[in-house]
Amino acid sequence: MTLGVLAPPPASAAARPDTVQQGLNALVRTDGLPAALAGVNDREGRTRTYTAGVGDLATEARVPADGQVRIGSNTKTFTAVVVLQLVGEGKIGLDATVDTYLPGVVRGKGIDGRRISVRQLLQHTSGLPEYEDRVVDGILQHRYFEPRDLLDIAFQRKAEFSPGTEWAYSNTNYVVAGLIVQKVTGRPLAEEVDRRVIKRIGLRHTYFPAPGDMTIREPHPTGYHRDSADAPPRDVTEIDPSAGWAAGQMISTNSDLNRFFTGLLTGRLLPAAQLKQMRTTVPVGDTGVGYGLGLMSRPLSCGGVYWGHGGDIPGYETRGGATDDGRAAAVAVTSIPTDGAATQHLDGVVDAALCR
């Protein structure tokens with residue numbers, strides 16, 4: 001395996017081990033992930049790009065510097081930004097009910113769109129049940145899902161709890177939020193994300209795949225999936241990501257994700273009032289993590305917090321975010337870790353990058 005930094009370190013750093021590179025190397029050597037990529041921006045705006053492992057296990061091709069990856073649930077932050085822009089424009093009310101926009105759509109066992117607010121969708125306090133575990137095989141078999149198909153699957157289950165009483169992560173929330181965007185704007189969600197977010201802050205390597213597009217457009221590492229810890233890796237680079245839709249369909253790079261989260265925190269995407277709402281969090285258990293409206297705060301070992309999201313989809317897992325003083329870091333690996341320790345190591349690389 002080839003291990004190395006794609007961008008050479010400055011002379012002042014050459015004499016000491018680079019903790020980010022060491023972390024990526026460990027993700028490959030110790031945790032058995034095929035490849036790892038990172039992009040780090042410091043307070044002065046300097047950017048460094050890192051890779052470890054191989055871009056393709058069969059050919060041992062190099063990992064493309066800042067290659068495109070599927071970003072999974074980071075998509076939720078993009079969707080939430082669009083919703084909050086529409087809130088700022090007076091077209092959506094955060095505390096309006098789902099039925100205000102989608103009458104009769106959200107119904108099931110203990111599920112009633114007349115009792116669920118838009119805010120509760122974005123913050124995962126709605127109690128809507130999850131659908132993802134019932135469609136994983138469908139993703140891998142290249143099946144296309146309409147958003148309403150996903151709701152049909154989810155609403156076969158009963159509500160997790162009464163709206164507003166608890167927190168539980170559910171992709172279903174963001175499928176509903178995406179449908180609200182489409183109803184209010186009269187345009188496809190992908191179009192609104194592109195116009196309102198991607199083009200507004202100049203993300204050159206980020207896009208919402210069109211229906212039926214199973215490829216990754218630009219240079220990218222191969223994505224792999226293991227059915228269990230001891231199973232051989234399978235190439236799942238080309239999949240139909242429609243089961244993620246507003247909750248997880250997008251493709252980007254580490255550098256674009258850093259630009260996105262930095263731009264978000266500096267007010268380039270939302271008015272101050274809506275950004276404040278987005279950053280108002282509820283606790284995620286006793287983890288120290290807070291969940292806002294499509295945006296998470298995580299504590300740093302060096303003090304303070306960073307704001308981001310993270311995501312996984314077969315073939316890729318991503319972690320990262322930005323701080324209020326301009327630091328940003330994004331890390332991607334080319335297989336979803338099969339144990340919690342590897343995931344902790346991935347989060348640790350982000351922490352090391354932001355606490356340099």
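**Figure 1. Aromatic pairs in the predicted model.** A search of the whole structure of this predicted model finds 5 aromatic pairs. One of them joins Phe78 and Phe260, whose ring centres are 3.8 Å apart with the planes at 10°, so the pair is stacked. Phe78 belongs to helix 2 (residues 75-88) and Phe260 to helix 9 (residues 254-265), so the pair ties together parts that are 182 residues apart in sequence. Phe78 is buried, at a relative accessible area of 1%, and Phe260 is buried as well, at 0%. Together with Phe261, Phe78 and Phe260 form one aromatic cluster.

**Figure 2. The pair of Trp167 and Tyr169.** The ring centres of Trp167 and Tyr169 lie 6.4 Å apart and their planes meet at 50°, so this pair is tilted. Trp167 has a relative accessibility of 24% and counts as partly exposed. Tyr169 is also partly exposed, at 32%.

**Figure 3. The largest pocket and its lining.** The largest pocket holds about 480 Å³ of space. Strand 14 supplies the largest share, with 3 residues. Sorted by class, the lining has 12 nonpolar, 9 polar and 6 charged residues.

**Figure 4. Surroundings of Phe208.** Phe208 sits in the loop between helix 7 (189-198) and strand 7 (224-225). With a relative accessible area of 10%, Phe208 is buried, because the cut-off for that class is under 20%. Leaving aside residues up to four places away in sequence, Phe208 touches Thr75, Leu189, Ala190, Trp245, Ala246, Gln249 and Met250. Thr75 lies within the residue range of helix 2 (residues 75-88).

**Figure 5. Arg217 and the ring of Tyr207.** Arg217 lies over the face of Tyr207, at 3.7 Å from the ring centre.

Key
Residues numbered from 1 in each chain as written. Predicted model: local features only at pLDDT ≥ 70, side-chain atom pairs only at ≥ 80, totals over all residues. Heavy atoms only, no water. 1 Å grid on protein atoms, 1.4 Å probe; cavity = no way out; pocket = protein on both sides within 12 Å on 5 of 7 lines; lining within 4 Å. Points joined across faces, edges and corners; volume = space filled by probe spheres on them. Helix = DSSP H or I, 4+ residues; strand = E, 2+ residues; numbered from the N terminus. Nonpolar A, V, L, I, M, F, W, Y, C, P; charged D, E, K, R; others polar. Buried < 20%, exposed > 50% of the residue type's maximum accessible area, 1.4 Å probe, protein only. Contact = heavy atoms within 4.5 Å. Phe/Tyr/Trp six-rings, centres within 6.5 Å; stacked < 30°, edge-to-face > 60°. Lys NZ or Arg CZ within 6 Å of the ring centre and 35° of its normal.
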